[in-house]
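The entries follow the order in which I checked things.

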Amino acid sequence: MSEFALSCPAPLEERERVLMAHGGGGRLMRELIERMFAARLEPQHETDSAVLALPGGRLAFTTDSFVVRPLFFPGGDIGSLAVHGTVNDLAMAGAAPVALSAAFILEEGLEMETLRRVVDSMAQAARRAGVRIVTGDTKVVERGSADQMFITTAGVGALIQDEELAPWRVTPGDEVVLSGDIGRHGMAVMSAREGLALESEILSDSAPVHGEALSLLRGGIGVHCMRDLTRGGLASAVIEIARAAGVRVTLEEDRIPVREDVRAACELLGFDPLYVANEGRFIAFVAAGEGERAAALLPGAAVIGKVTEAGGGAVTLRSVIGAARLLDLLSGEQLPRIC
Amino acid sequence: MRHLDEYRDAARARALAAEIARVMTRPWRIMEICGGQTHAILRFGIDQLLPPGLELVHGPGCPVCVTPLERIDRAIALAETPGAVLASFGDMLRVPGSGTDLLSARARGARVAMVYSPLDAVRLAEKEQDSQIVFFAVGFETTVPGVALAVREAQRRGLNNFSILSAHVLVPPALRAILGSPQNRIQGVLAAGHVCTVEGYADYEPIARQFGAPVVVTGFEPVDLLQGILLCVRQLEEGRAEVENQYSRAVRREGNPAAKTMVREMFEPVDRPWRGIGVIPLSGLALRPAWREFDAEARFPYSGREAREPAECISGLVLQGAKKPPECPAFGTRCTPERPLGAPMVSSEGACAAYYRYGRHHV
C-alpha cells in the first residue's frame, strides 16, 4: 500500500507556527523532532530512552520546570535558563553534570522561529556547560492552555567526592560564602516583562555554576552545604538551610554585593534585593576559617556571614547601620509599591 | 544611587543616636506618619539605636491600608464587569476587601492589570480600545499629580475608554483627626518627606500651633530619620511646636506649585472614610464635575452591600498610633501575610507587615 500523506508536505522551515499536529505522533511530529530537536540537541532519538555510560560511584539526579515569561529576557532565555538551572542543581550536590533530558510543552500557534531560537540557545548553553541533552519529549496543547512554551528537564551527574553536601553538615563556626552579586535575574526579567524604562539594561546572571562550585571541592575547601539562589533570593536560601540545619546564622548586609543599577531598580519598586531571584549565584557553607580562601577561588565572591550557634534555625541580618533584625521567608512574590 | 550611601552611614547614624540620647531628659512619643518610614525604621533597626524612653509609634501613612473596604469591593466589582479591566499598582492586589482580594478575583477570571504608573493605564486604554480601562487611583498627595497627568493625556488622545476610581487621600486632615482625638498619645510628628515634595508644608503650620506638637518633614533613609527624630526631640525638650524641614534636599515650603495647580484644577476635597478609622472631613480627593467623563463612579453604576471589617482586626487603632501590631491578639497567629485580616498586614507600607517581615513576631 502506498503511503498516503495526511499532512501538507511542505518543509518545516516554511511552517510558521506550531500546530496541534506537531504533537500528534504523525509525520509532522517526526519532522519537528528530526529537524528542530535532533539536529540541534543530538539526542539518541532512535529509542525513547537514552543509554548512559557513567563513571563508577554515586549519582545525583534532579528535575526542574521552566515557565518564565517573557521567554527572552536581557541576558538569557527559557532555553539557556533550563540548562543552567538543571546543571546548577546537580552542582549543588557536588556532582559534575553528565546528561540532561528536556520535555517541551508547546502552545498551539507558537512561532516556529521562537522555538528555534530557544532550542538553539539550549544547545549552546549545553555545549558551554559541557553537558549533553540525551533525550526529550514534545507535546502540543491547544492555544490558551499554556503560555507559549514550558520546558521540563531532568539531569544526572556524577558526585566528585564521597562526603555528602547537606544542611545536616552545617555547624557553628561555618562561614557563608556568596559567589557573586545578587538580584540581577529577577530585575532583568521584571524590566523585560513590565517594560520598565530603566536607565541601564540589567542583564540576568543566568549561568552554569558547576565550574565554580566544583572548584571549591577540588581546591580542598571544607564545603558542608551549597545552595543555588533562585526564586526567593539569597534570604530564602539561607533561611531554608538554617532551618534544616537547626543553626543560627548572622549575615552582614554591607558585605553582600549588589550592583548599583540593581539596587536603584529595587529602591524604585520597593523590592528587597535579598529576596530577588538569581540564576547564576550560589552560597556555600564552608568550615571555620576557610571562607576567605573559598572566596578567593571565585571571582566576585564574598564571605557574607557565619553560623553563630547551634539551635534556633534562624537568620539575623546586621543592617548597614549596625542594628540586627531577623530575616523571614516572604509569603509570596514581592509586589511593586505605590509610592 | 551612590548618594544613598551617605544616608546609610553607620558612623553618622550612631553619632545622631548618641546626640538624641544626650538632649533627651524625659520620655517622648513621636509618630512617623509614613509607612515607608515605618518600614525603614524596622528594616534598618533604627529603633534599636534609640535611647530607652523614646517611643516611635506608626501612623496612617499607608495608602493601601486606609483605602476603605467599599472602594476595594467596588474595584473588584469593576474588574468582574464584562468588558472592563481594572488597572492597579501591585501592592493593592493582595489587600482583602469584604469578600475577596483583586488577585483572587483575577484567578477566578476577573480582568486585573498590574501597572507601574497611571500613564501605563492610559497606554493600555489606547491599545485595548474595545475594553474599558479603569485605573484604581490610590495614594496620598504624592501620587495625585501623576494621575492628573494621565487623565489629561487620556483627554488629549481622545480616549473614551479610560477612567479612574479615586481613592486618593490627604495627610493633613488625618493628622488633625489623630492629634485632636481624646485618646491621642502623640507628642511630636515626623511628616512624610515625599508627600511634602508636592504640597509643601505650610498646611502643617496651623496644625503644629493648634495641637502644640512639633512637626518635622523627614526623609526615608536611616540618617534622615535619625536627624528628623533629633530635631523633633530638641523642639519637645525646648517646648517649641514648629514645623521644621529635615528633608530640604527634596522639599520646599511651597511644594511644587505647577503640580499643585494641576491637581486643584482637576480634583476637589471630599469627605472620605479611612479604613478602620472612619470618615474624616475633606480628607479625600474626587474628580471635579468638569472631569466627570473620566470618573469611573459616574460611568459604572454600583450597588454594593455595606462592607464590614472582621471584628478581630484592630487596624484602626494601629493606623492611629494607639496600638502597635504585636499588641493585637491576632498578630502573627490568626493574621499573617498569607491570611490577612486587615490591610496593614499585606501592604508593603503596612505597619503590621513591617513587624512581621522584619522578624518582630519572634521576639
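Which strands of chain B does helix α12 (residues 222-238) lie across? I found that α12 of chain B lies across β1, β7, β8 and β9 of chain B. Helix α12(B) runs at about 170 degrees to β8(B). Angles run from 0 to 180 degrees between N-to-C directions, with axes as lines fitted to C-alpha atoms, for helices over the stretch in contact.

Before going on I noted the ground rules. The model is predicted: local features need pLDDT of at least 70, side-chain atom pairs count only at pLDDT 80 or more, and totals for chains, interfaces and linings use all residues. Residues are numbered from 1 along each chain as its sequence is written, while chains are lettered from A and ligands numbered from 1 in the order in which they are written. Helices (H or I, at least four residues) and strands (E, at least two) are DSSP runs numbered from the N terminus.

Entry on the sheet. I looked up the strand order in chain B and got β2-β1-β7-β8-β9, an open sheet of five strands with parallel pairing. Two strands pair if DSSP finds at least two bridges between them. The edge strands β2 (54-61) and β9 (243-245) of chain B each pair on one side only. On average, neighbouring strands of this sheet are turned by 25 degrees against each other, direction ignored. Helix α2 (residues 35-44) of chain B also packs on the sheet, where α2(B) touches β1 (28-34), β2, β7 and β8 of chain B. The direction of α2(B) makes about 120 degrees with that of β1(B).

I then checked one pair of strands. β7 (residues 188-192) and β8 (residues 215-218) of chain B run parallel and are joined by four bridges. B:Val189 has B:Val215 in β8(B) as its bridge partner.

Entry on the chain contact. I counted 23 residues from chain A and 35 residues from chain B in the contact; two residues are in contact if their C-beta atoms, placed from the backbone, lie within 7 Å. On the side of chain A that touches chain B, α7 (260-269) and β13 (324-327) of chain A each supply at least two residues.

Entry on the domains of chain A. The domain assignment gives domain 1 (14-159) and domain 2 (167-327); such bounds come from an automatic or database domain assignment. Their centres, taken over C-alpha atoms, are separated by 28 Å. In chain A, 21 residues of domain 1 are in contact with 22 residues of domain 2.
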